[in-house]
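This briefing is meant to be read with the sequence and the coordinates open side by side. Please keep both at hand while going through the points.

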Amino acid sequence: KGAAMFVTGVQDAATRAQDASATAGRAFTLTGGKLKIAGTDPSVGITLTDSSGAETKITEDLYVVNDPSRLTFIIPQALPTARTN
């Protein structure tokens, strides 16, 4: 296949911020190309990493939109307000 996935924009549904900040318990949207998550390998999916290096895997039940050009998911409620990279 062609080039790898790419992100052209982000948005926090709670604040409408487009600076990669995210609100726990609310939707977060990535726009771009080749974003659709598919496959059963454990390495496939969304993982959030905090500044200390702790990782949180986003489970499939938190996906809202899973399309090639847009991916929306819920930030787990247990996480504090975070900044994605």
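The notes below go from the chain as a whole to its sheet, its core and a few single residues.

This is a predicted model, in which local features need pLDDT of at least 70 and side-chain atom pairs count only at pLDDT 80 or more, while totals for chains, interfaces and linings use all residues. Residues are numbered from 1 along each chain as its sequence is written, and side-chain values use heavy atoms, with hydrogens and water left out. The chain holds zero helices and eight strands, where helices (H or I, at least four residues) and strands (E, at least two) are DSSP runs numbered from the N terminus.

**The chain as a whole**

- Read from the N terminus on, the elements follow the order β-β-β-β-β-β-β-β.
- Of the 85 residues, 32% count as buried, a term that stands for under 20% relative accessible area, with exposed meaning over 50% and partly exposed in between (1.4 Å probe, protein chains only).
- The accessible surface comes to about 5600 Å², and 52% of this surface belongs to carbon and sulfur atoms; the areas come from the Shrake-Rupley method with a 1.4 Å probe, and for residues only the protein chains shown count as cover.
- Among contacts (heavy atoms within 4.5 Å) with a separation of 6 or more, 53% are made by residues 24 or more positions apart.

**Sheet and hairpin**

- Four strands form an open sheet in the order β1-β3-β7-β6, with antiparallel pairing; two strands are said to pair if DSSP finds at least two bridges between them.
- The edges of this sheet are β1 (6-12) and β6 (63-66), each of which pairs on one side only.
- From one strand to the next the twist averages 15 degrees, where axes are lines fitted to C-alpha atoms, for helices over the stretch in contact, and angles run from 0 to 180 degrees between N-to-C directions.
- Strands of a sheet pair through backbone hydrogen bonds, either parallel or antiparallel.
- Three bridges join β6 to β7, and these two strands run antiparallel.
- β4 and β5 form a hairpin with five residues between them, and G53 in the turn has a positive phi of about 95 degrees.

**The nonpolar core**

- The largest nonpolar core has 14 residues, of which F28, L30, I46, L71 and F73 touch the most other members; such a core is a set of buried Ala, Val, Leu, Ile, Met, Phe, Trp, Tyr and Cys residues joined through side-chain atoms within 4.5 Å.
- The elements that give two or more residues to this core are β3 (27-33), β4 (46-49) and β7 (70-74).
- In soluble globular proteins, nonpolar side chains tend to be buried together.
- F28 is found in strand β3 and counts as buried because its relative accessibility is 1%.

**N66 in strand β6**

- N66 lies in strand β6, and the bridge partner of N66 in β7 is L71.
- The side chain of N66 reaches the backbone nitrogen of I37 at 2.7 Å.
- Not counting residues up to four places away in sequence, N66 touches L35, K36, I37 and L71.

**Loop residues**

- R16 and A20 both have their place in the loop between β1 and β2 (21-22).
- R16 has a positive phi of about 65 degrees although it is not a glycine, and R16 counts as exposed because its relative accessibility is 55%.
- A20, likewise not a glycine, has a positive phi of about 75 degrees, but A20 is buried, with a relative accessible area of 14%.
- The C-alpha atoms of R16 and F28, twelve residues apart along the chain, are separated by 9.3 Å.
- Q77 sits in the loop between β7 and β8 (82-83) and counts as exposed because its relative accessible area is 61%.
- Q77 touches A24 and G25, not counting residues up to four places away in sequence, and Q77 and G25 are 52 residues apart in sequence while 4.1 Å apart in space, C-alpha to C-alpha.

Note on methods:
Polar contact = N/O pair within 3.5 Å; in protein donor to acceptor, adjacent residues only side chain to side chain.
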